[in-house]
Amino acid sequence: MIQPAFLMAAAAPTGAGGFLVQIMPLVLIFIIFWFLLIRPQQKRMKEHQQMVMAVKKGDRVVTGGGLLGKVSKVTDDEVEIELAQGVKVKAVKSTLQTVIDPKAKAAND
């Protein structure tokens, strides 16, 4: 009866080697999350910030709310967007979703 318990205790990893074996799966999971989730998101955020900083008068933009218009005025933090003839709204630059390529053709044309 004592002998099986003694053998189980002797087979259990101890010391620094046991700790490394236990922590290794957590490190592996973090590395996978880094390359599959965190890194691509940081890249998209950087691209969005560059796009927002490059907005200039005359660009066609889409806001986060889905409004489509032409930029008529740009300040440090805001843009003025002309939605229709004589209809202008101010939007915070960071809420811009995308800048539409002027060379792109509409899908129904």
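In this predicted model, strands E1 and E2 form a hairpin with 4 residues between them. Within that turn, Gly 66 has a positive phi of about 95°. The two strands pair in the antiparallel sense over 3 bridges, and Val 62 has Leu 68 in E2 as its bridge partner.

Strand E2 also pairs with E3: the two run antiparallel and are joined by 4 bridges. A hairpin of 3 residues connects E2 to E3, and Lys 73 is bridged to Glu 80 in E3. The two pairings are set out in the table.

| Pair | Residue ranges | Sense | Bridges |
|---|---|---|---|
| E1 and E2 | 60–63 and 68–74 | antiparallel | 3 bridges |
| E2 and E3 | 68–74 and 78–84 | antiparallel | 4 bridges |

The largest nonpolar core comprises 7 residues: Val 55, Val 61, Val 71, Val 79, Ile 81, Ala 91 and Leu 96. In soluble globular proteins, nonpolar side chains tend to be buried together. Leaving aside residues up to four places away in sequence, Val 61 touches Val 71, Ile 81 and Leu 96, among others. Its contacts also include Leu 67, Leu 68, Gly 69, Thr 98 and Val 99.

Asp 59 is located in the loop between helix H2 (15–53) and E1. Is this residue buried or exposed? Asp 59 is buried, because its relative accessible area of 14% is under the 20% cut-off. Its side chain reaches the backbone nitrogen of Lys 56 at 3.0 Å. Not counting residues up to four places away in sequence, Asp 59 touches Ala 54, Gly 69, Lys 70, Val 71 and Val 99.

Conventions: Residues numbered from 1 in each chain as written. Predicted model: local features only at pLDDT ≥ 70, side-chain atom pairs only at ≥ 80, totals over all residues. Heavy atoms only, no water. Pairing = 2+ DSSP bridges. Core = buried A, V, L, I, M, F, W, Y, C linked by side-chain atoms within 4.5 Å. Buried < 20%, exposed > 50% of the residue type's maximum accessible area, 1.4 Å probe, protein only. Contact = heavy atoms within 4.5 Å. Polar contact = N/O pair within 3.5 Å; in protein donor to acceptor, adjacent residues only side chain to side chain.
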